[in-house]
Amino acid sequence: VSMRVAVWTLLDVLVVTATRDGLNLLPFEYVCARRLHAGGGVCVLSEFAGCSRVLNGAIRVNPFSLSSVVEAIDRALSLDRRDAEARMAKDWAFLDAHTTSSWVQLFVRDLKRVLIADDERNASVLGGEGALATDGVPAPGLGIQVPLPRKLEVEPLVRAYRAASRRVFCFGLDGTLIPQDTVITHLKENHDFVGRGQAPSPAVLHCLRALASDPANEVHVLSGRGSSDMSAILGSFERLGLSAELGYLRRAPGKSAWERCSHGAECNQWRQEAKAVMHWFTTRTNGSYSRWQQSAAVWCYHDADPDFGRYQGKQLHAQLVQQLGPYPVSVVHSLSKRTVEVRIRAVNKGLTVDSILCQPANRQADFVLCCGDDHSDEYMFSAAIARARAPLPPVTSAPAGAQKGAPPSRRTFNVTVGRKLSRAALYVEDTRQVLFFLQALTQHAITGALGRA
């Protein structure tokens with residue numbers, strides 16, 4: 001063992017390319033030796049090795065793909081010291097927390113818990129009356145008939161854009177401007193290593209910049225990410241409005257400072273209870289972790305086993321809903337984003353979009369486009385629908401040919417990504433089609449800017 005430890009301290013990268021492996025303790029020895037004696041170091045592990053499922057700081061590779069192995073080794077050797085140390089710290093945290101005694105205690109505790117639950121189940125069955133009292137209760141909202149959205153046609157959208165004098169755009173980020181698969185892949189590799197999220201593609205960034213540069217347009221990007229992440233990927237666009245944590249933190253177009261929303265700012269009592277429950281599930285779900293924001297707590301299982309992570313997410317959601325019932329928070333389990341989120345109920349994209357449309361410059365907006373992909377964006381669609389039904393104020397200064405004093409007609413386009421039940425009336429198939437209609441609108445925006453010049 002002493003000779004192996006000496007070798008481990010000299011290795012910058014440990015490569016295990018087994019095609020069939022069970023309990024291989026050598027990577028564990030390597031992590032301990034590097035952590036205690038040298039620091040840094042990276043494991044490149046076969047995805048067929050058992051230890052690859054618990055050493056989440058390792059780079060996983062398919063040993064049957066020679067090019068993938070070569071790329072993984074090159075990537076491991078090219079990592080800067082900060083990233084290598086972060087990966088090693090993640091693996092060490094697992095080994096330090098999951099000792100032999102802790103495994104035994106956890107196993108015995110779970111056995112007792114299952115035994116107690118089995119006894120209670122038998123007692124309820126024997127009791128008969130009331131055992132099935134909760135069965136057959138319909139889920140809320142299932143009785144509401146919601147028509148499926150129809151596919152967005154680009155030509156009518158462009159015509160409405162050209163005819164409008166004031167336009168407001170509100171976009172989601174992950175799953176809307178960035179493919180969700182790309183975001184999850186990035187999170188698996190970098191969520192706690194570099195502190196920087198996945199950015200939209202250069203083509204999407206070009207479209208956002210072009211649309212925001214038109215004085216008649218106001219463009220906002222709303223996301224559940226934190227303000228530092230939003231600033232890192234979109235902060236250089238001065239005319240772009242940003243809303244982090246679903247609108248709890250906002251940066252108005254043309255400004256550099258972030259402002260905090262006052263809704264629910266004092267509601268923090270739920271955090272301790274949520275933290276305890278999330279920690280319990282994290283210790284039992286390898287590859288999961290918690291992320292804390294000013295207005296929310298997010299339990300992520302991007303790197304966990306897909307089926308087990310989904311199962312644990314459902315269990316955590318049910319536990320949080322029951323335990324946090326008295327608090328003014330909402331609990332949402334997103335299967336597409338692989339997260340369970342606890343968020344202050346008074347903070348959502350709907351309130352954010354409503355405040356955007358109520359701004360003096362936007363009250364006479366005759367073109368509103370909202371585009372999103374998940375549950376949080378339904379609030380945005382609802383707010384846009386409510387504002388579309390409200391009468392617009394009369395026009396005090398009209399362009400040539402327009403009737404002064406007559407209120408303009410507002411065209412509202414709510415677009416969801418993926419065909420599903422939604423409050424949005426329109427849909428596009430995926431983020432590629434989002435880029436397609438953005439490019440169509442951008443072409444007109446650039447042509448109009450050249451004409452004004």
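Asp 373 is found in the loop between β14 (367–372) and α13 (375–389); helices here are DSSP runs of H or I with at least four residues, strands are E runs of at least two, and both are numbered from the N terminus. Keep in mind that this is a predicted model, where local features need pLDDT of at least 70, side-chain atom pairs count only at pLDDT 80 or more, and totals for chains, interfaces and linings use all residues. Residues are numbered from 1 along each chain as its sequence is written, and side-chain values use heavy atoms, leaving out hydrogens and water.

**Around Asp 373**
- Asp 373 counts as buried, at 13% relative accessibility (buried means under 20% relative accessible area, with a 1.4 Å probe and protein chains only).
- Leaving aside residues up to four places away in sequence, Asp 373 touches several residues, including Asp 174, Thr 176, Lys 337 and Lys 420 (contact means heavy atoms within 4.5 Å).

**The open sheet**
- Four strands line up as β10-β11-β13-β12 with antiparallel pairing (strands pair if DSSP finds at least two bridges between them).
- β10 (289–292) and β12 (329–334) sit at the edges with a single partner strand each, so one side of each has no neighbour in the sheet.
- Six bridges join β12 to β13 (residues 339–344), and Ser 330 has Arg 343 in β13 as its bridge partner.

**Helix packing**
- α2 (residues 26–38) and α4 (residues 81–97) pack at about 120°, axes 10 Å apart (axes are lines fitted to C-alpha atoms over the stretch in contact, and angles run from 0 to 180 degrees between N-to-C directions).
- Among the residues making this contact are Phe 28 and Tyr 30 of α2 and Met 88 and Trp 92 of α4.

Terms used. Buried < 20%, exposed > 50% of the residue type's maximum accessible area, 1.4 Å probe, protein only.
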